[in-house]
Structures are given as C-alpha cells and as structure tokens.
Amino acid sequence: MPPERAAAFAPGRVNLIGEHTDYNGGLALPFAISQGVTVRAEASDEQCIRALAVDIDEEDAFALHDRGRVEGWRAFVRGTVAELTSAGFPPPGARLQIVGDVPPGAGLSSSAALEVALCLALLALTGNRDGQPRDAAEGFPRPDGELSRAAGGLPRLEIARLCARVENDWVGAQTGLLDQLASLFGEVDTALCIDFATLGIDPVPLHLEDWRLVVLDSGERHLHAGGGYNERRAECARACELLGVRSLSEASAPEAQRLPEPLRRRALHVFAENDRVRAAAEVLRSGDLPALGALLSASHASLRDCFEVSTPAVEATVERLLRAGASGARIVGGGFGGSVLGLFPPDAHPPAGAREVRPGAGARLL
Ligand code: GLA
C-alpha cells in the first residue's frame, strides 16, 4: 500500500566553479547546501492537488488532469504532477505544504530545490521510495551516464531529467541539469565534479580546514524564464551550429576564433571554464586553497567580460568581498544578479550579511 503521508527535503546548491558549462556539455563542481525546500504531502480522496506555499501564504488548487499554464511557484507544482504522470508515476490527489529557506532568485537554486522536493514527495505517495537517502552501494552515475542502481522506480538521474523538464517546459527557463544533479547527489564535505557530456559524477572531497566559503547577496533578483539566461543559451546553440558540433565543449579555442562576436567570447568562456573546473578539482585534492581563490576570481572575470552575465550590483558585491580579504570571489548560478561566492582565509572576516555555506547532504525523504 502506498503511504498516506510523505515528506521530502531537497537542498539548494552552490556551484564552486563551472558556470554556463552544463548546457554546453562541459564540467562543473557544485555542492549541495543545508538550506532547501521541504514538501509535506498527504494523499486525499479528491482528484485534485491543493498546495500551500507557507512562506508567502499563497494557495493553488487544480484537478489532476488540468494542464493549464500558470506562473511562478504554481508552475512548478503543476509541471511536476504532469511530468510524473507522463513518466508513468501518476500521483494521487493530495494536499501539499511547501516551506523553504533558499531565497528565490539569489543564485542558490531555489527552483531545483522546489522541483526535487515536490518530485520526491509525490513519488513517495505513489509508493516509490527512490527518494530515500542514497545508500553507499548505489554509487554515483558512472562516466557512461548509467546509474549503478536502476532497480524499479525512477533512478535519480531520471528524477533530475524530469525536474529539468518541469523547469524548461512549464516554467520556461531553458536551464541545464546542474542544479538538479547537485540537489539529488549532494554529500557532506563533498563537491561533485560533473561531466555533462556523459553525466558521470566524480565526488571530490571539499575540506576547507579553517577557510570559509560564504555567499553574499547582491540584492538583485534574476528570473531565468524571462532574462538573459535563455538568450545566452540560444547564443551557444548558434555557435554550435556555426562550428558544426553538438555541444561547445567538443570544439576548441582555435576553431572558435572564426565565430562572430559575441559568440566567439561566449565559446572562449566555456573552454576556459572547463579547464578551471579541472584545475579546481586538482587543487581541492591537493589542499591548495589559495590557488582555488585565484580560480574563482578568474572564473568571475570571464563571466563578466566574455559571457557578460554580471551587473553593477554584482560587481559591487564582488568588490566588498575582496576588500574584506576574500582570496577569490565569483558570481554563482545563471547570473544577471543573485549571490556572489567568496573564499576567505582563516584570518579574514567576511562582511556583514555574508552567510557561510558548507557542502551538505543531498535530497531525501524525511
Ligand atoms: C542556472 C541553471 C543551471 C546552470 C547555471 C549556470 O543555475 O539552472 O542549469 O546553467 O545557471 O551555470
């Protein structure tokens, strides 16, 4: 018998390095954080979903078969129900309570946290327990992209893809898989080196000793569904067409020289950012944290000058972190606002408003 009640928590994420590489078949190094979204679900006899977004005190109610288009958080709920149904896991009628502590639009992936928590809680109501904590034997997706455990139900890689469809097709943001994979596969004290060409995940120990990673909000909110994010994606797709490759990471810097601007700069960012991810994974393994700071700042310079996703408010936030003694700082997430990540050596003090972030566990049933 499927349970009558289920609850799931899914974390937001910080991407240490590797920005705008996921939809370009490249590399990224994110980790899950302790903030996230919790969804409590209770099956009901009604053929509808009643959802309450507790933090903003808003409600939605819709019939299970309703495919009407809505905006904002409601699109995530309707999209998750529709995508689960299409995937062969139709949820029953239910009441949902949604609570979260990831600020929306701050670059910490409140969207993926919401999608993944909704998906795991509703899946659990169908009797599918794949939202359980990942046991060690399950392992990470191997470099060939295949999950080491695919027994019954939806493997986590498929949950990530389903959640991305919610965001792409229901919310309208053409985002990649970075956020969903980080939320689903996160582990304590670990960053995930994800290769988006294969969807293989290589866990990298993230031990900071006395160093601290902090995020400082620029105060500027972004909306991927409407903003420059989709435009950047379209530019990268156009660059691929001109170069005759399936993803930008398959091309090389000399080839990209023949692209018209700004496509040339977009491509150069992707190549160099992939190299920085490789270098960052190396320095984490060797414990060379000052070198990590330099890589963060180099990533930011490229996101500002080549990918052009920074804003004056973000630049001012980067400056504040560096003036306070950060050894490196960079915008995190899609850009056009949101948060800035700073790496602080033991003797430096992050500015007021900065919040420490640590790599935490991935999504789970409660
Ligand atoms: C957002 C998207 C991700 C990724 C980043 C940029 O967070 O959701 O898929 O593209 O921007 O690295």
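**Note on the ligand site and some backbone details**

1. The ligand is surrounded by 13 residues, and the closest are Glu19, His20, Asp22, Asp179 and Tyr229. The model discussed here is a predicted one. By residue class, the shell around the ligand divides into three nonpolar, six polar and four charged residues.

2. Gly176 takes part through its backbone, where an N or O atom lies 2.8 Å from a ligand oxygen. On its own, the ligand has 310 Å² of accessible area, and the protein covers 98% of that area. The space that the ligand takes is the largest cavity.

3. A cis peptide bond is found between Glu261 and Pro262, with omega at about 5°. Where does Pro262 lie? Pro262 belongs to the loop that runs between helix H6 (253-256) and helix H7 (263-286).

4. Asp189 has a positive phi, near 55°, although Asp189 is not a glycine. Asp189 is located in the loop between helix H4 (178-185) and strand S7 (190-195). Is Asp189 buried, partly exposed or exposed? With a relative accessible area of 35%, Asp189 is partly exposed, because that value falls between the limits of 20% and 50%.

5. Glu209 is another residue other than glycine with a positive phi, here near 50°. The relative accessible area of Glu209 is 68%, so Glu209 counts as exposed, the class for values over 50%.

6. Glu231 is part of helix H5, which covers residues 228-243. Its relative accessibility is 47%, and Glu231 therefore counts as partly exposed. How far apart are Glu231 and Pro3? In sequence they are 228 residues apart, and in space their C-alpha atoms are 43 Å apart.

Methods
Residues numbered from 1 in each chain as written. Predicted model: local features only at pLDDT ≥ 70, side-chain atom pairs only at ≥ 80, totals over all residues. Heavy atoms only, no water. Helix = DSSP H or I, 4+ residues; strand = E, 2+ residues; numbered from the N terminus. Buried < 20%, exposed > 50% of the residue type's maximum accessible area, 1.4 Å probe, protein only. Near = heavy atom within 4 Å. Polar contact = N/O pair within 3.5 Å; in protein donor to acceptor, adjacent residues only side chain to side chain. Areas by Shrake-Rupley, 256 points an atom, 1.4 Å probe, with all protein chains shown as cover. 1 Å grid on protein atoms, 1.4 Å probe; cavity = no way out; pocket = protein on both sides within 12 Å on 5 of 7 lines; lining within 4 Å. Sits in = over half its atoms within 2 Å of the grid points. Nonpolar A, V, L, I, M, F, W, Y, C, P; charged D, E, K, R; others polar.
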